[in-house]
Amino acid sequence: MSIDDTQGLAAQVKAMTYAKVLCLGDIMMDRFVEGRVSRISPESASPVFHYQGETIVPGGAANVARNISALGGHCTLIGVIGKDEAATTLLGTLAENSDIDSIMVVAEDRPTTVKTRFGVRGHHLLRVDQEVTTAISSLSEAACLSAVIEHLPKHNALVLSDYAKGVLTEGLLGQAIQRARSLNVPVIIDPKSPDLSRYAGATLITPNAQEARDACGIYPDTDEKAEAAAQFYLGASQARGVLITRGEQGMTLLSQDGSLLHIRSRVTEVFDVAGAGDTVIATLAAAMACGTDMAEAAHMANAAAGIVVGKRGTATTSPDELILALEGERGARKGTPIMLTPAEAERYARTRRREGKVVGFTNGCFDILHPGHISLLMYARDQCDCLIVGLNSDASVRRLKGTDRPINSEDDRAIVLSALGAVDAVVIFEDDTPLELIMAIKPDVLVKGADYTLQTVVGADFVLAHQGKVLLAQLVPGKASSNTIERAKRGGSHV
(Lines give C-alpha, C1' and ligand atoms only; values in the text may rest on other atoms or scores of the structure.)
Protein backbone atom coordinates (compact mmCIF):
# COMPACT_ATOMS: atom_id res chain seq x y z
CA MET A 1 0.00 0.00 0.00
CA SER A 2 1.19 3.46 -0.80
CA ILE A 3 1.76 6.44 1.44
CA ASP A 4 -1.34 8.04 -0.03
CA ASP A 5 -3.39 5.04 1.18
CA THR A 6 -2.08 5.55 4.70
CA GLN A 7 -3.01 9.24 4.66
CA GLY A 8 -6.55 8.40 3.54
CA LEU A 9 -6.98 5.47 5.90
CA ALA A 10 -9.68 6.90 8.15
CA ALA A 11 -11.59 8.26 5.15
CA GLN A 12 -11.61 4.85 3.46
CA VAL A 13 -13.00 3.13 6.54
CA LYS A 14 -15.54 5.84 7.27
CA ALA A 15 -16.75 5.68 3.65
CA MET A 16 -18.25 2.30 4.56
CA THR A 17 -21.15 4.16 6.18
CA TYR A 18 -22.39 4.69 2.60
CA ALA A 19 -22.22 0.98 1.76
CA LYS A 20 -25.49 -0.71 0.83
CA VAL A 21 -24.98 -4.45 0.62
CA LEU A 22 -27.48 -7.12 -0.34
CA CYS A 23 -26.68 -10.45 1.33
CA LEU A 24 -28.22 -13.75 0.25
CA GLY A 25 -27.34 -17.06 1.83
CA ASP A 26 -27.65 -19.60 4.61
CA ILE A 27 -29.02 -18.00 7.76
CA MET A 28 -28.60 -19.63 11.13
CA MET A 29 -28.74 -18.95 14.83
CA ASP A 30 -25.59 -19.29 16.93
CA ARG A 31 -26.34 -20.28 20.52
CA PHE A 32 -23.44 -20.04 22.97
CA VAL A 33 -24.06 -21.91 26.23
CA GLU A 34 -21.58 -21.19 29.01
CA GLY A 35 -21.02 -23.38 32.05
CA ARG A 36 -18.44 -25.09 34.18
CA VAL A 37 -17.14 -28.63 34.50
CA SER A 38 -15.90 -29.79 37.88
CA ARG A 39 -16.40 -33.53 37.81
CA ILE A 40 -16.85 -36.61 35.64
CA SER A 41 -20.19 -38.37 35.54
CA PRO A 42 -20.29 -41.63 37.54
CA GLU A 43 -22.61 -43.02 34.86
CA SER A 44 -20.05 -42.75 32.05
CA ALA A 45 -16.63 -41.26 31.34
CA SER A 46 -18.02 -37.86 30.37
CA PRO A 47 -17.87 -34.41 31.96
CA VAL A 48 -20.82 -33.04 33.88
CA PHE A 49 -21.71 -29.61 32.42
CA HIS A 50 -23.21 -27.12 34.88
CA TYR A 51 -25.30 -24.58 32.94
CA GLN A 52 -24.56 -20.93 33.78
CA GLY A 53 -26.13 -18.95 30.94
CA GLU A 54 -26.37 -18.50 27.20
CA THR A 55 -26.14 -15.93 24.41
CA ILE A 56 -27.99 -15.88 21.09
CA VAL A 57 -26.23 -14.36 18.05
CA PRO A 58 -27.35 -14.33 14.40
CA GLY A 59 -25.00 -16.60 12.42
CA GLY A 60 -24.04 -17.51 8.87
CA ALA A 61 -25.29 -14.93 6.39
CA ALA A 62 -26.97 -13.11 9.29
CA ASN A 63 -23.57 -12.67 10.93
CA VAL A 64 -22.29 -11.17 7.67
CA ALA A 65 -25.13 -8.65 7.96
CA ARG A 66 -24.15 -7.92 11.58
CA ASN A 67 -20.56 -7.24 10.53
CA ILE A 68 -21.61 -4.92 7.72
CA SER A 69 -23.79 -2.90 10.08
CA ALA A 70 -21.03 -2.81 12.72
CA LEU A 71 -18.77 -1.18 10.12
CA GLY A 72 -21.44 1.48 9.56
CA GLY A 73 -23.00 0.06 6.39
CA HIS A 74 -26.56 -1.03 5.63
CA CYS A 75 -27.47 -4.62 4.77
CA THR A 76 -30.57 -6.16 3.27
CA LEU A 77 -30.56 -9.82 4.30
CA ILE A 78 -32.38 -12.51 2.29
CA GLY A 79 -32.61 -16.09 3.47
CA VAL A 80 -34.75 -19.05 4.47
CA ILE A 81 -35.94 -19.90 7.98
CA GLY A 82 -38.28 -22.49 9.42
CA LYS A 83 -41.62 -21.98 11.11
CA ASP A 84 -40.33 -22.52 14.62
CA GLU A 85 -39.28 -20.94 17.89
CA ALA A 86 -35.68 -20.47 16.70
CA ALA A 87 -36.93 -18.35 13.79
CA THR A 88 -38.92 -16.13 16.13
CA THR A 89 -35.89 -15.64 18.37
CA LEU A 90 -33.60 -14.95 15.41
CA LEU A 91 -35.96 -12.42 13.82
CA GLY A 92 -36.34 -10.63 17.15
CA THR A 93 -32.56 -10.34 17.49
CA LEU A 94 -32.15 -9.04 13.93
CA ALA A 95 -34.98 -6.52 14.41
CA GLU A 96 -32.92 -4.81 17.12
CA ASN A 97 -30.49 -3.59 14.43
CA SER A 98 -31.88 -0.72 12.36
CA ASP A 99 -29.14 -1.14 9.74
CA ILE A 100 -30.35 -4.63 8.81
CA ASP A 101 -33.50 -5.20 6.75
CA SER A 102 -34.50 -8.86 6.96
CA ILE A 103 -36.45 -10.48 4.14
CA MET A 104 -37.11 -14.05 5.26
CA VAL A 105 -38.69 -16.84 3.25
CA VAL A 106 -40.49 -19.16 5.68
CA ALA A 107 -40.22 -22.81 4.67
CA GLU A 108 -42.63 -25.41 6.02
CA ASP A 109 -40.32 -28.31 5.11
CA ARG A 110 -37.20 -27.41 7.10
CA PRO A 111 -36.20 -25.99 10.49
CA THR A 112 -34.18 -22.87 11.17
CA THR A 113 -30.52 -23.87 11.34
CA VAL A 114 -29.23 -23.67 14.90
CA LYS A 115 -25.64 -24.24 16.06
CA THR A 116 -25.31 -24.67 19.81
CA ARG A 117 -21.81 -24.40 21.25
CA PHE A 118 -21.12 -25.45 24.83
CA GLY A 119 -18.16 -23.63 26.34
CA VAL A 120 -16.18 -23.68 29.54
CA ARG A 121 -14.12 -20.58 30.37
CA GLY A 122 -13.96 -19.62 26.70
CA HIS A 123 -13.02 -23.10 25.45
CA HIS A 124 -15.42 -25.06 23.23
CA LEU A 125 -16.51 -28.35 24.77
CA LEU A 126 -19.16 -29.50 22.28
CA ARG A 127 -21.18 -28.27 19.29
CA VAL A 128 -24.68 -29.51 18.43
CA ASP A 129 -26.14 -28.70 14.99
CA GLN A 130 -29.87 -28.72 14.19
CA GLU A 131 -30.27 -28.42 10.44
CA VAL A 132 -31.45 -29.75 7.10
CA THR A 133 -28.88 -29.38 4.30
CA THR A 134 -30.83 -30.54 1.26
CA ALA A 135 -31.69 -27.96 -1.41
CA ILE A 136 -34.57 -25.62 -0.64
CA SER A 137 -37.84 -26.17 -2.50
CA SER A 138 -38.54 -24.60 -5.86
CA LEU A 139 -41.10 -22.32 -4.15
CA SER A 140 -38.50 -21.05 -1.66
CA GLU A 141 -35.95 -20.64 -4.45
CA ALA A 142 -38.38 -18.57 -6.51
CA ALA A 143 -39.20 -16.38 -3.48
CA CYS A 144 -35.51 -15.72 -2.82
CA LEU A 145 -34.85 -14.83 -6.45
CA SER A 146 -37.85 -12.50 -6.52
CA ALA A 147 -36.46 -10.67 -3.48
CA VAL A 148 -33.03 -10.35 -5.14
CA ILE A 149 -34.54 -8.96 -8.34
CA GLU A 150 -36.60 -6.42 -6.37
CA HIS A 151 -33.92 -5.15 -4.01
CA LEU A 152 -30.58 -5.50 -5.81
CA PRO A 153 -30.91 -2.26 -7.87
CA LYS A 154 -30.88 -0.29 -4.59
CA HIS A 155 -27.56 -1.79 -3.46
CA ASN A 156 -23.92 -1.44 -4.53
CA ALA A 157 -22.59 -4.90 -3.62
CA LEU A 158 -23.96 -8.45 -3.46
CA VAL A 159 -22.72 -11.06 -0.98
CA LEU A 160 -23.53 -14.73 -1.53
CA SER A 161 -22.84 -16.53 1.75
CA ASP A 162 -22.68 -20.28 1.09
CA TYR A 163 -22.64 -22.55 4.15
CA ALA A 164 -23.87 -25.59 2.18
CA LYS A 165 -27.21 -25.57 4.02
CA GLY A 166 -29.22 -25.70 0.79
CA VAL A 167 -30.26 -22.09 0.15
CA LEU A 168 -27.77 -21.25 -2.60
CA THR A 169 -28.93 -23.70 -5.23
CA GLU A 170 -27.15 -23.76 -8.57
CA GLY A 171 -30.08 -22.01 -10.25
CA LEU A 172 -30.36 -19.29 -7.61
CA LEU A 173 -26.61 -18.67 -7.65
CA GLY A 174 -26.46 -18.37 -11.42
CA GLN A 175 -29.41 -16.01 -11.71
CA ALA A 176 -28.30 -13.81 -8.80
CA ILE A 177 -24.79 -13.45 -10.27
CA GLN A 178 -26.17 -12.73 -13.73
CA ARG A 179 -28.54 -10.10 -12.37
CA ALA A 180 -25.74 -8.38 -10.44
CA ARG A 181 -23.43 -8.35 -13.45
CA SER A 182 -26.14 -6.74 -15.57
CA LEU A 183 -26.32 -3.94 -12.98
CA ASN A 184 -22.51 -3.69 -12.65
CA VAL A 185 -22.77 -4.64 -8.97
CA PRO A 186 -19.72 -6.49 -7.56
CA VAL A 187 -20.43 -10.03 -6.37
CA ILE A 188 -18.43 -11.38 -3.42
CA ILE A 189 -18.88 -15.07 -2.62
CA ASP A 190 -17.93 -17.13 0.41
CA PRO A 191 -17.80 -20.56 -1.29
CA LYS A 192 -18.42 -23.94 0.30
CA SER A 193 -18.84 -26.24 -2.68
CA PRO A 194 -15.78 -27.75 -4.42
CA ASP A 195 -17.76 -27.38 -7.68
CA LEU A 196 -16.38 -23.97 -8.58
CA SER A 197 -18.40 -23.69 -11.78
CA ARG A 198 -21.35 -22.82 -9.49
CA TYR A 199 -19.68 -19.46 -8.80
CA ALA A 200 -18.94 -18.55 -12.43
CA GLY A 201 -18.92 -14.82 -13.04
CA ALA A 202 -18.22 -13.70 -9.47
CA THR A 203 -16.15 -10.60 -8.83
CA LEU A 204 -14.31 -12.13 -5.87
CA ILE A 205 -14.47 -15.50 -4.13
CA THR A 206 -13.03 -16.08 -0.66
CA PRO A 207 -12.25 -19.74 0.16
CA ASN A 208 -10.42 -20.65 3.33
CA ALA A 209 -7.47 -23.04 3.38
CA GLN A 210 -9.56 -26.17 3.94
CA GLU A 211 -12.03 -25.22 1.20
CA ALA A 212 -9.10 -24.67 -1.16
CA ARG A 213 -7.78 -28.15 -0.44
CA ASP A 214 -11.24 -29.68 -0.94
CA ALA A 215 -11.67 -27.92 -4.28
CA CYS A 216 -8.26 -28.40 -5.86
CA GLY A 217 -6.29 -30.79 -3.68
CA ILE A 218 -3.74 -28.13 -2.68
CA TYR A 219 -3.40 -27.08 0.93
CA PRO A 220 -2.09 -23.47 0.81
CA ASP A 221 0.39 -23.65 3.69
CA THR A 222 3.09 -21.89 1.64
CA ASP A 223 2.93 -18.86 -0.62
CA GLU A 224 3.72 -21.03 -3.64
CA LYS A 225 0.92 -23.49 -2.87
CA ALA A 226 -1.49 -20.63 -2.18
CA GLU A 227 -0.68 -19.11 -5.57
CA ALA A 228 -1.21 -22.48 -7.28
CA ALA A 229 -4.56 -22.95 -5.52
CA ALA A 230 -5.61 -19.42 -6.45
CA GLN A 231 -4.71 -20.06 -10.09
CA PHE A 232 -6.90 -23.15 -10.02
CA TYR A 233 -9.81 -21.18 -8.55
CA LEU A 234 -9.55 -18.45 -11.17
CA GLY A 235 -9.53 -20.95 -14.00
CA ALA A 236 -12.41 -23.03 -12.65
CA SER A 237 -14.67 -20.18 -11.53
CA GLN A 238 -13.82 -17.47 -14.07
CA ALA A 239 -14.00 -14.99 -11.20
CA ARG A 240 -12.15 -11.67 -11.43
CA GLY A 241 -10.25 -12.45 -8.26
CA VAL A 242 -9.76 -15.01 -5.51
CA LEU A 243 -8.78 -14.31 -1.91
CA ILE A 244 -7.62 -17.39 0.00
CA THR A 245 -7.79 -16.89 3.76
CA ARG A 246 -4.94 -18.85 5.39
CA GLY A 247 -5.47 -18.36 9.11
CA GLU A 248 -2.34 -17.32 10.96
CA GLN A 249 -0.45 -17.16 7.64
CA GLY A 250 -2.67 -14.33 6.40
CA MET A 251 -4.25 -14.13 2.96
CA THR A 252 -3.33 -14.54 -0.70
CA LEU A 253 -5.06 -12.44 -3.37
CA LEU A 254 -4.78 -13.25 -7.08
CA SER A 255 -6.55 -11.21 -9.75
CA GLN A 256 -7.40 -12.04 -13.34
CA ASP A 257 -4.78 -9.58 -14.53
CA GLY A 258 -2.10 -11.63 -12.77
CA SER A 259 -1.62 -9.31 -9.79
CA LEU A 260 -0.54 -11.35 -6.76
CA LEU A 261 -0.51 -10.20 -3.15
CA HIS A 262 0.41 -12.09 0.01
CA ILE A 263 -0.92 -10.30 3.10
CA ARG A 264 0.60 -11.33 6.41
CA SER A 265 -1.53 -11.83 9.48
CA ARG A 266 -0.75 -9.53 12.42
CA VAL A 267 -2.75 -11.57 14.93
CA THR A 268 -0.99 -11.82 18.30
CA GLU A 269 -3.60 -13.78 20.26
CA VAL A 270 -6.49 -15.98 19.13
CA PHE A 271 -9.48 -16.56 21.41
CA ASP A 272 -12.14 -17.74 18.94
CA VAL A 273 -12.18 -18.16 15.15
CA ALA A 274 -15.98 -18.56 14.96
CA GLY A 275 -17.39 -16.13 12.40
CA ALA A 276 -14.02 -14.81 11.18
CA GLY A 277 -14.90 -15.71 7.60
CA ASP A 278 -18.12 -13.70 7.89
CA THR A 279 -16.09 -10.70 9.04
CA VAL A 280 -13.76 -11.07 6.07
CA ILE A 281 -16.50 -11.15 3.44
CA ALA A 282 -18.48 -8.37 5.17
CA THR A 283 -15.45 -6.08 5.19
CA LEU A 284 -14.65 -6.86 1.57
CA ALA A 285 -18.23 -6.13 0.53
CA ALA A 286 -18.54 -2.91 2.53
CA ALA A 287 -15.24 -1.64 1.12
CA MET A 288 -15.88 -2.66 -2.50
CA ALA A 289 -19.39 -1.23 -2.32
CA CYS A 290 -17.73 2.17 -1.81
CA GLY A 291 -15.35 1.75 -4.77
CA THR A 292 -12.33 0.37 -2.90
CA ASP A 293 -10.27 -1.93 -5.12
CA MET A 294 -9.80 -5.59 -4.26
CA ALA A 295 -6.24 -5.24 -2.94
CA GLU A 296 -7.11 -2.44 -0.51
CA ALA A 297 -10.31 -4.23 0.53
CA ALA A 298 -8.27 -7.38 1.23
CA HIS A 299 -5.92 -5.45 3.53
CA MET A 300 -8.95 -4.13 5.42
CA ALA A 301 -10.48 -7.61 5.66
CA ASN A 302 -7.21 -9.06 6.97
CA ALA A 303 -7.08 -6.46 9.73
CA ALA A 304 -10.77 -6.94 10.59
CA ALA A 305 -10.34 -10.72 10.87
CA GLY A 306 -7.41 -10.18 13.22
CA ILE A 307 -9.66 -8.15 15.50
CA VAL A 308 -12.54 -10.62 15.76
CA VAL A 309 -10.42 -13.71 16.43
CA GLY A 310 -9.10 -11.85 19.46
CA LYS A 311 -12.63 -11.70 20.88
CA ARG A 312 -14.81 -14.43 22.30
CA GLY A 313 -17.78 -15.82 20.39
CA THR A 314 -19.15 -14.63 17.05
CA ALA A 315 -17.83 -11.06 17.11
CA THR A 316 -17.82 -7.91 14.97
CA THR A 317 -15.50 -4.92 14.67
CA SER A 318 -16.11 -1.18 14.67
CA PRO A 319 -14.68 1.45 12.29
CA ASP A 320 -12.42 2.85 15.03
CA GLU A 321 -11.06 -0.61 15.84
CA LEU A 322 -10.44 -1.24 12.16
CA ILE A 323 -8.55 2.01 11.68
CA LEU A 324 -6.25 1.21 14.60
CA ALA A 325 -5.73 -2.36 13.40
CA LEU A 326 -4.97 -1.23 9.85
CA GLU A 327 -2.29 1.10 11.11
CA GLY A 328 -0.67 -1.92 12.72
CA GLU A 329 -1.40 -4.25 9.77
CA ARG A 330 0.47 -1.91 7.48
CA GLY A 331 3.68 -2.72 9.21
CA ALA A 332 3.68 -1.01 12.58
CA ARG A 333 6.27 -2.57 14.84
CA LYS A 334 5.56 -2.63 18.57
CA GLY A 335 8.36 -1.98 21.03
CA THR A 336 11.82 -0.51 20.73
CA PRO A 337 13.49 -0.55 17.28
CA ILE A 338 16.53 -2.83 17.00
CA MET A 339 19.98 -1.64 15.85
CA LEU A 340 22.14 -4.63 14.97
CA THR A 341 25.66 -5.42 13.90
CA PRO A 342 26.01 -7.83 10.95
CA ALA A 343 26.80 -10.70 13.34
CA GLU A 344 23.79 -9.86 15.50
CA ALA A 345 21.60 -9.63 12.39
CA GLU A 346 22.52 -13.19 11.44
CA ARG A 347 21.45 -14.47 14.86
CA TYR A 348 18.31 -12.29 14.82
CA ALA A 349 17.20 -13.68 11.44
CA ARG A 350 17.91 -17.25 12.50
CA THR A 351 15.81 -16.81 15.66
CA ARG A 352 12.89 -15.28 13.76
CA ARG A 353 12.88 -18.19 11.32
CA ARG A 354 12.82 -20.69 14.18
CA GLU A 355 9.67 -18.88 15.36
CA GLY A 356 8.13 -19.61 11.96
CA LYS A 357 8.40 -16.02 10.72
CA VAL A 358 9.24 -14.85 7.20
CA VAL A 359 12.39 -12.68 7.21
CA GLY A 360 12.57 -9.84 4.69
CA PHE A 361 15.51 -7.66 3.64
CA THR A 362 16.04 -4.49 1.67
CA ASN A 363 18.90 -2.00 1.60
CA GLY A 364 19.96 1.45 0.55
CA CYS A 365 21.59 4.71 1.58
CA PHE A 366 18.34 6.32 2.78
CA ASP A 367 20.13 9.65 3.00
CA ILE A 368 17.17 12.03 2.87
CA LEU A 369 14.01 10.05 3.55
CA HIS A 370 11.22 10.70 1.02
CA PRO A 371 7.86 9.12 -0.03
CA GLY A 372 9.64 6.75 -2.40
CA HIS A 373 11.57 5.26 0.51
CA ILE A 374 8.41 4.95 2.59
CA SER A 375 6.57 3.21 -0.24
CA LEU A 376 9.44 0.73 -0.69
CA LEU A 377 9.67 -0.05 3.03
CA MET A 378 5.92 -0.51 3.44
CA TYR A 379 5.79 -2.80 0.42
CA ALA A 380 8.71 -4.82 1.75
CA ARG A 381 7.13 -5.16 5.20
CA ASP A 382 3.88 -6.40 3.63
CA GLN A 383 5.82 -9.33 2.16
CA CYS A 384 7.28 -10.61 5.44
CA ASP A 385 6.84 -10.90 9.19
CA CYS A 386 9.97 -8.95 10.11
CA LEU A 387 11.96 -6.55 7.93
CA ILE A 388 15.72 -6.05 8.26
CA VAL A 389 17.09 -2.97 6.50
CA GLY A 390 20.74 -2.84 5.41
CA LEU A 391 22.11 0.72 5.57
CA ASN A 392 25.25 1.82 3.72
CA SER A 393 27.86 3.28 6.07
CA ASP A 394 29.14 6.84 5.53
CA ALA A 395 32.32 5.54 3.87
CA SER A 396 30.31 3.29 1.58
CA VAL A 397 28.00 6.17 0.58
CA ARG A 398 30.98 8.40 -0.24
CA ARG A 399 32.41 5.75 -2.54
CA LEU A 400 29.07 5.30 -4.28
CA LYS A 401 27.71 8.86 -4.33
CA GLY A 402 30.71 11.18 -4.10
CA THR A 403 32.62 13.07 -1.41
CA ASP A 404 29.72 15.46 -0.70
CA ARG A 405 27.50 12.60 0.43
CA PRO A 406 25.90 11.54 2.67
CA ILE A 407 24.06 14.61 3.87
CA ASN A 408 23.13 12.82 7.11
CA SER A 409 25.48 10.59 9.08
CA GLU A 410 24.99 6.83 9.29
CA ASP A 411 23.87 7.11 12.92
CA ASP A 412 21.29 9.77 12.08
CA ARG A 413 20.03 7.78 9.09
CA ALA A 414 19.77 4.64 11.22
CA ILE A 415 17.81 6.47 13.93
CA VAL A 416 15.32 7.84 11.38
CA LEU A 417 14.83 4.41 9.78
CA SER A 418 14.37 2.78 13.16
CA ALA A 419 11.56 5.17 13.99
CA LEU A 420 9.47 3.79 11.13
CA GLY A 421 6.91 1.14 12.05
CA ALA A 422 7.65 -0.84 8.89
CA VAL A 423 11.25 -1.47 9.99
CA ASP A 424 12.05 -4.15 12.56
CA ALA A 425 15.87 -3.89 12.56
CA VAL A 426 18.62 -1.76 10.96
CA VAL A 427 22.12 -3.01 10.12
CA ILE A 428 24.92 -0.67 8.97
CA PHE A 429 27.30 -2.36 6.52
CA GLU A 430 30.70 -1.13 5.31
CA ASP A 431 30.93 -2.78 1.87
CA ASP A 432 29.77 -1.19 -1.35
CA THR A 433 27.14 -3.90 -1.72
CA PRO A 434 25.14 -5.85 0.89
CA LEU A 435 26.07 -9.25 -0.58
CA GLU A 436 27.94 -10.54 2.48
CA LEU A 437 25.17 -9.30 4.75
CA ILE A 438 22.55 -11.03 2.60
CA MET A 439 24.55 -14.27 2.66
CA ALA A 440 24.73 -14.06 6.46
CA ILE A 441 21.05 -13.24 7.01
CA LYS A 442 19.69 -15.58 4.29
CA PRO A 443 16.45 -13.60 3.88
CA ASP A 444 13.29 -15.38 2.77
CA VAL A 445 12.31 -12.28 0.79
CA LEU A 446 14.66 -9.75 -0.88
CA VAL A 447 13.08 -6.49 -2.02
CA LYS A 448 14.46 -3.72 -4.24
CA GLY A 449 12.92 -0.95 -6.31
CA ALA A 450 11.60 -1.52 -9.81
CA ASP A 451 14.51 0.50 -11.23
CA TYR A 452 16.42 -2.78 -10.82
CA THR A 453 15.89 -6.07 -12.63
CA LEU A 454 16.22 -9.56 -11.20
CA GLN A 455 19.58 -9.77 -12.95
CA THR A 456 20.94 -6.59 -11.35
CA VAL A 457 19.70 -7.04 -7.77
CA VAL A 458 22.72 -7.83 -5.60
CA GLY A 459 22.19 -11.14 -3.82
CA ALA A 460 19.25 -12.23 -5.99
CA ASP A 461 20.97 -15.41 -7.19
CA PHE A 462 21.86 -16.38 -3.63
CA VAL A 463 18.32 -15.82 -2.29
CA LEU A 464 16.69 -17.69 -5.16
CA ALA A 465 19.12 -20.59 -4.76
CA HIS A 466 17.97 -20.88 -1.13
CA GLN A 467 14.28 -21.03 -2.16
CA GLY A 468 13.70 -17.40 -1.27
CA LYS A 469 11.88 -14.74 -3.29
CA VAL A 470 13.14 -11.58 -4.98
CA LEU A 471 10.53 -8.86 -5.46
CA LEU A 472 10.64 -5.46 -7.18
CA ALA A 473 8.60 -2.65 -5.61
CA GLN A 474 6.95 -0.02 -7.78
CA LEU A 475 8.60 3.40 -7.62
CA VAL A 476 6.97 6.67 -6.63
CA PRO A 477 7.51 8.90 -9.70
CA GLY A 478 9.88 11.83 -9.26
CA LYS A 479 10.97 10.93 -5.74
CA ALA A 480 14.73 10.50 -5.24
CA SER A 481 17.24 11.82 -2.69
CA SER A 482 19.46 13.23 -5.44
CA ASN A 483 16.55 15.29 -6.83
CA THR A 484 15.79 16.68 -3.37
CA ILE A 485 19.43 17.58 -2.76
CA GLU A 486 19.75 19.35 -6.12
CA ARG A 487 16.63 21.41 -5.44
CA ALA A 488 18.04 22.36 -2.05
CA LYS A 489 21.31 23.51 -3.63
CA ARG A 490 19.38 25.65 -6.10
CA GLY A 491 17.26 27.05 -3.32
CA GLY A 492 14.17 25.60 -4.93
CA SER A 493 10.80 25.14 -3.26
CA HIS A 494 9.17 21.89 -2.07
CA VAL A 495 12.43 20.69 -0.59
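Val-37 is partly exposed, with a relative accessible area of 32%; here buried means under 20%, exposed over 50%, and partly exposed in between, for a 1.4 Å probe and protein chains only. The model is predicted, so local features need pLDDT of at least 70 and side-chain atom pairs pLDDT 80 or more, while totals for chains, interfaces and linings use all residues. Residues are numbered from 1 along each chain as its sequence is written, and side-chain values use heavy atoms, without hydrogens and water.

Val-37 lies in strand β2 (residues 27-40). Together with Leu-125, Leu-126 and Val-128, Val-37 makes a nonpolar surface patch of about 300 Å². Strand β7 (residues 123-130) supplies the largest share of the patch, three residues.

Beyond four places in sequence, the contacts of Leu-243 include Leu-204, Met-251, Val-280 and Leu-284, where contact means heavy atoms within 4.5 Å.

With a disulfide taken as a pair of cysteine sulfur atoms within 2.5 Å, the count is zero. For Cys-23, the nearest cysteine sulfur, that of Cys-75, is 5.0 Å away. Cys-23 is buried, at 0% relative accessible area. Cys-386 is also buried, at 2%, and its sulfur is too far for a bond because the closest cysteine sulfur, in Cys-384, is 6.2 Å away.

Definitions and conventions:
Patch = residues over 30% accessible without salt bridge, like charges linked within 9 Å, V, L, I, M, F, W, Y side chains within 5 Å. Areas by Shrake-Rupley, 256 points an atom, 1.4 Å probe, with all protein chains shown as cover. Salt bridge = Lys/Arg side-chain N within 4 Å of Asp/Glu carboxyl O. Helix = DSSP H or I, 4+ residues; strand = E, 2+ residues; numbered from the N terminus.
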